[in-house]
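Here is a friendly walk through one protein model, from its overall fold to a few charged pairs. Have a look at the structure first.

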Amino acid sequence: MTYRDLNTPLRTIMTPGPVEVDPRVLRAMSTPIVGQFDPAFTTIMNEVMEMLRHLFQTKNKWAFPVDGTSRSGIEAMLCSVIEPGDKVLVPIFGRFGYLLTEICERYGAEVHTLECEWGTVFDQKVIIDEVRRISPKITAIVHGETSTGCMQPLDQIGAACRELDCLLIVDAVATTGGTPVKVDEWFIDGLIAGTQKCLSVPSGMAPITFNDRVEKVINARKKVERGISTDEDRIREQQLNHSFIKSNYFDLSMLQDYWGPRRLNHHTEATSMLYALREGLRILLEEGLDARFNRHLHHERALIAGIEAMGLALYGNRECKLPMVTCVTVPAGVEPESVRSMLLHEFGIEIASSFGPLHGKIWRIGSMGYSCRKENILFVLGALEAVLIRHGAKVETGKALQAALDVYQEKI
Ligand SMILES: *Cc1c(COP(=O)(O)O)cnc(C)c1O
């Protein structure tokens, strides 16, 4: 039996992930494999750790990827710190807050949630008051909610958590590499990023970082590996009294020993994905963090100008808008999935729908990483206008591209 050559269409991907991958990253992925303890490879591991520290703006010793999609990083972080019965506070302002809640529950946490209306975020004081009231061991929160296009300010919560002896763990999967994520300045104890969003690397790794406060909890829960344990280890393990970390694959104490100087064997590192991540980070650092964040803001401004000139309404509170996800309210009488389908099949453009209460009400247009380019913004605006006209929507015609071009031609 024979199958045709792999031949995927070339798409313009304007979703909140996965996004287009820089051709340099795709080339790096075809680099020959080397063994995971080959010095040529351990050098690459060390370089990736160093570049991740720059990206996260941290002096943390630990910054490395977990193999698996972003939720593997979230799960590794949470399962390594949560002991059954621990109180965890999860402020929820969209779908990914429920994911954090669910993972915490699976590992036996007593989860306390706070909710606010979708399309908005929390006043940080509300969260801090709740931390004070319930004294959780951990507060776990999303930074950029791709489901609602909102970004939670985090510059005050961490300092308060530190004072109240609570660990702050942040899902910055959508924001890392697109907008500032200041791990040390914001007193974030553990943070998870993603590859397939603003880093423009394929999905399949989750870069994380954590500080010595998290490390202390993890080390106290370290399970002794059979076969290499000493008597002393075994006594300590008995004292652990079943509070050891319950996952092997996601045990951060083992991942530390693998990524750190001990280089103890754990999983087989995802060689080609690490090449990809290294190249994605190298591109990012060549561009510069500030230049990259400004690029995301600049294209966001052009996209918004075009959407509004067409007469469409944005969804969500503008003050907390996530720069790399623009949510557009579906105009009355328009079938949202038919618009998406025509964009894909006639123009090769993918935009996203949404989840739960927002499904069918908004489209989400992503402008992340390598997808966040002038030609993509202009293309999606022109195509959306054409498709909406074909669907009988009342839109201002001929204005969107002009408004976006005005933004691009402004003097800087
Ligand atoms: C995309 C996303 C995730 C999940 O990432 P996967 O790679 O699909 O596991 C988690 N949190 C947020 C905020 C995201 O945007």
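The protein's secondary structure amounts to 14 helices and 13 strands, taken as DSSP runs numbered from the N terminus (helices: H or I, at least four residues; strands: E, at least two). This is a predicted model, where local features need pLDDT of at least 70 and side-chain atom pairs pLDDT 80 or more, while totals for chains, interfaces and linings use all residues. Residues are numbered from 1 along each chain as its sequence is written, and side-chain values use heavy atoms, without hydrogens and water.

Of the 412 residues, 57% are buried; buried means under 20% relative accessible area, exposed over 50%, and partly exposed in between (1.4 Å probe, protein chains only). The C-alpha trace spans about 75 × 55 × 50 Å along its principal axes.

Now to the charges. The structure contains 26 salt bridges, each a side-chain nitrogen of Lys or Arg within 4 Å of a carboxyl oxygen of Asp or Glu. Three of them are listed here:

| Pair | N to O distance |
|---|---|
| R213 and D165 | 3.6 Å |
| R213 and D189 | 2.8 Å |
| R262 and D257 | 3.2 Å |

What about the surroundings of R213? At 19% relative accessibility, R213 counts as buried, and D189 is buried too. D189 lies in the loop between β8 and β9 (190–192) and R213 in helix α7, so this pair ties together parts 24 residues apart in sequence. D165, by contrast, is exposed at 61%.

Elsewhere, salt bridges with shared partners join R24, E279, R282 and E286 into one network.
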